[in-house]
Amino acid sequence: MSSADVLAVLGGEEPNSETDGGSKVETATAYELLRIDATLWPQIRELIEGNIRNAPRERQKAIGPSELGTDCLHCLAAKLAGWPRKRGTAWLPFIGTCVHEHFERMFAGLNPQGFDPDVRHRPYETEMRVTVGELHGLAGGYPVKGSIDLYDRASASTVDWKVVGATTLKGVKAHGPSQTYMVQASLYGIGLMNAGEKVERNCIFFLPRNGISLNDALPVELRFSDKPGLWAMARAQMLVTFMDLIEQQDGPDVRDAWIHLLPVSATHCFDCGSWPDDAANGIPELAPQPSAEVPERWKRLIPLLEPTMREVADMR
């Protein structure tokens with residue numbers, strides 16, 4: 001804006017937007033004038049996504065407490081069988097990982113500093129590794145291990161951070177935590193008992209990924225019970241036994257074809273769509289079909305597997 005335009009505005013006139021020749025002057029925003037092609041972003045994105053894909057959590061192959069409670073029998077069996085997976089870069093879980101890492105440093109810093117030969121004096125244990133049980137298959141037994149986000153020793157409580165979106169928060173408010181979360185919490189308590197620690201409470205703190213404050217957080221605290229965890233371990237062992245039996249009798253191709261027949265989640269499963277036998281982009285005709293027929297005797301085993309835990313009279 002020129003000095004003449006300023007004087008015109010002060011005099012109650014409209015500023016002159018025309019040139020001396022009477023033609024309009026085309027203007028643009030600073031963004032429009034300065035914007036160039038985003039050639040650096042592809043390089044930066046590849047570095048970020050490569051780092052996410054190579055994180056220990058992403059490279060973990062052994063099944064853990066966070067997966068044993070799923071109501072998707074197909075995905076549970078595929079994991080136990082060691083099927084390869086194809087997934088995109090997990091951006092939303094990475095956001096949760098960043099929150100976990102910050103809380104890990106924060107609570108570790110709240111412990112008394114210095115050498116302590118008896119770690120049981122520490123009020124907080126972060127990312128505490130525990131063994132929740134064992135599964136036994138053809139290759140022998142192997143432990144099922146996991147990391148507890150936070151163990152509050154004073155209250156004998158496990159704490160699991162869940163950084164979630166609005167849909168999950170709404171679902172938890174209406175129906176409570178999912179079976180997957182309930183089983184995970186129970187297994188952590190079992191792991192603590194196996195480590196000789198006291199456990200009385202399981203806490204699942206749902207933190208808003210899209211909220212502007214923790215006023216939108218949803219804290220869930222549960223009395224500890226080992227029943228959900230023991231049920232999940234027994235179901236997983238039954239699956240392992242069935243798959244081993246089929247493989248011994250009829251080979252791995254029939255075993256894989258049997259896994260293909262197992263029911264998927266009736267609600268929502270984040271792992272569906274990542275397996276070799278899943279429909280390609282929602283088009284069943286593009287998905288590879290099992291190369292072997294499943295004998296009827298093996299099909300009769302499927303109803304013995306429970307997608308969800310039965311209701312019980314009490315959880316003691």
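Student: So which residues have the most contacts inside the largest nonpolar core?

Tutor: Leu68, Leu80, Leu239, Trp258 and Leu262 do, in a core of 47 residues. Bear in mind that this is a predicted model.

Student: And which helices and strands each supply at least two residues of this core?

Tutor: On the helix side there are H5 (73-80), H8 (179-194), H9 (227-250) and H10 (252-261). The strands are E1 (124-137) and E2 (140-152).

Student: Which one gives the most?

Tutor: H9, with 9 residues in this core.

Student: Staying with H9, what span should its 24 residues have, and how far apart are its end C-alpha atoms?

Tutor: At 1.5 Å a residue, H9 should span 34 Å, and its end C-alpha atoms are 34 Å apart, so the two values agree. Just after H9 comes Gly251, with a positive phi of about 95°.

Student: Okay, strands now. In which sense do E1 and E2 pair, and over how many bridges?

Tutor: They're antiparallel, over 12 bridges. As one example of who faces whom, Glu125 stands opposite Tyr151 in E2.

Student: What about E2 and E3, how many bridges join them?

Tutor: There are 3, and E3 (residues 157-164) runs antiparallel to E2. Asp152 has Ser157 in E3 as its bridge partner. The two strands form a hairpin with 4 residues between them.

Student: Which residue in that turn has a positive phi?

Tutor: Ala156, at about 55°. That's a positive value in a residue other than glycine.

Student: Is Ala156 buried or exposed?

Tutor: Buried: its relative accessible area is 3%, and the cut-off for buried is under 20%.

Student: Where does Glu127 sit, and what is its phi?

Tutor: Glu127 is in strand E1, and its phi is near 50°, again positive in a residue other than glycine. With a relative accessible area of 22%, Glu127 counts as partly exposed.

Student: Let's zoom out. How many helices and strands are in the protein chain?

Tutor: It has 11 helices and 5 strands. Of its 316 residues, 37% count as buried. The chain exposes about 19,600 Å², with carbon and sulfur atoms supplying 56% of that.

Student: And among contacts between residues at least 6 apart in sequence, what share join residues at least 24 apart?

Tutor: 69% of them.

Student: Last topic, confidence. Where is it lowest and where is it highest?

Tutor: Helix H4 (residues 56-59) is lowest, at a mean of 63, while strand E4 (residues 201-208) is highest, at 98. Over the whole protein chain the mean pLDDT is 88, and 86% of the residues reach 70 or more.

Student: Where does pLDDT stay under 50?

Tutor: Over residues 280-284, where the model has 4 contacts beyond four places in sequence.

Note on methods: Residues numbered from 1 in each chain as written. Predicted model: local features only at pLDDT ≥ 70, side-chain atom pairs only at ≥ 80, totals over all residues. Heavy atoms only, no water. Core = buried A, V, L, I, M, F, W, Y, C linked by side-chain atoms within 4.5 Å. Buried < 20%, exposed > 50% of the residue type's maximum accessible area, 1.4 Å probe, protein only. Pairing = 2+ DSSP bridges. Expected span 1.5 Å × (residues − 1). Contact = heavy atoms within 4.5 Å. Areas by Shrake-Rupley, 256 points an atom, 1.4 Å probe, with all protein chains shown as cover. pLDDT = per-residue confidence, 0-100.
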